[in-house]
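I record here what I looked up in this structure, entry by entry.

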Amino acid sequence: MGNDHSSNGQGGPTVPTWWVYTGSGRPRGGQPGRALPAPPPWRRFNGSPVQQPPPAEGTDADRRLGTGAGPAVQPDPREADMTNAALLLRRPLLVTGAPGTGKSTLAYRVARELGLGRVLQWPITSRSTLQSGLYGYDAIGRAQATSARDPDTRIGNFIRLGPLGTALLAFDAPRVLLIDELDKSDIDLPNDLLHVFEDGEFSIPELVRLRDREPDVTVFTDDPDRTVTVIDGQVRCREFPFVVVTSNGEREFPAAFLRRCVQLDMPPFHEEQLAAIVAAHFTGDSRHRDLVRAFAERGRNGNLAADQLLNAVFLLSAEGFAADESWPRLEDALWRSLGTGT
């Protein structure tokens, strides 16, 4: 099966028939998530109540991917293999690589191609905790509302599911969740994620304590203007979300965490990928192609990020801008290596 190939339907190279994601970042149409086969038996869940489909992708997707004009971005074969493996196995994809190599953008490409809607984002800092990803409870706000004799102090008005908690709701198709830069976290967070990654569920203790007299509670979610009903304080998924966990490689993760993930070392962009990225954001011309070639050449000798190329293209495309004698100075500044000590 792994050696069978078929057309990607867009006039591009053929792709292995087992891939459900081709890497183009182009919407494939049809029912969201329909291309995904059933998960392995050990990754099947039965959460309820079934949620309405997620919001459509927002402007953040266009900022990351462009409008879709120009040639499709062709991924590195290993990148596509590991991404498809994570999709089929319903396992998190741990993506490691240098800054600016498209680690977080991968989540948006998968969401757009498979029609999985708005990407949920959880940017990690040293203060991030598992609970902050699952939900937040504003106990102080509720106490203040009670003291002020607010007529509506229902507990659900003071609970909001976080990006991880929202991704674990009972959707019919996997939500896409980006856990960005996990290597910045406190040392305990990767281990704290193990239960959630394995069981696809969590409880909200504040609601569990009330379930005998208030079993159904409506709470806010990480999706704008969306609420859901949580029953008996439990949240359990139906389809495990497609989780992209990014890391800049600044630390090692525990073996127990790694075994629950599919691992991908993101390679640097090659010239054709860079050209497709530029074409998705700008109307191409010969100057863009020359600039892409120069950037790719410089990138072989230093650590550069794709957005450094986009910055240069934007300046050259700006009305009234002239690439005069100041351009070499700007190029050196814009394309400064991101390697250690620079």
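**Entry 1: the whole chain**

I began with contacts (heavy atoms within 4.5 Å): of those in the protein with a separation of 6 or more, 79% are between residues 24 or more positions apart. I note that the model is predicted, that local features need pLDDT of at least 70 and side-chain atom pairs pLDDT 80 or more, and that totals for chains, interfaces and linings use all residues. Residues are numbered from 1 along each chain as its sequence is written, and side-chain values use heavy atoms, with hydrogens and water left out.

I found 14 helices and 13 strands in the protein; these are DSSP runs numbered from the N terminus, helices being H or I of at least four residues and strands E of at least two. I then looked up burial (buried is under 20% relative accessible area, exposed over 50%, partly exposed in between, with a 1.4 Å probe and protein chains only). Of the 342 residues, 46% are buried.

I traced an open sheet of five strands with parallel pairing, in the order 4-7-12-3-13. Pairing here requires that DSSP finds at least two bridges between two strands. Strand 4 (120–123) and strand 13 (262–265) form the edges, each pairing on one side only. Neighbouring strands are turned by 20° against each other on average, direction ignored; axes are lines fitted to C-alpha atoms, for helices over the stretch in contact, and angles run from 0 to 180 degrees between N-to-C directions.

I next examined strand 4 and strand 7 (residues 176–180), which pair in the parallel sense over four bridges. Pro123 stands opposite Asp180 in strand 7.

I checked which helices pack on the sheet. Helix 2 (residues 77–89) touches strand 3 (93–96), strand 12 (242–247) and strand 13, and its direction makes about 160° with that of strand 13. Helix 3 (residues 105–114) touches strand 3, strand 4, strand 7, strand 12 and strand 13, at about 175° to the direction of strand 7.

Is helix 11 (residues 271–281) mostly covered or mostly open? I found that eight of its 11 residues are buried, among them Leu274, Ile277 and Val278.

Helix 11 packs with helix 13 (residues 306–317) at about 50°, their axes 10 Å apart. The two helices are therefore oblique to each other, oblique being what remains once angles under 35 degrees (roughly parallel), over 145 (roughly antiparallel) and 65 to 115 (roughly perpendicular) are set aside. On the helix 11 side, Leu274, Ile277, Val278 and His281 meet Ala306, Leu309, Leu310 and Val313 in helix 13.
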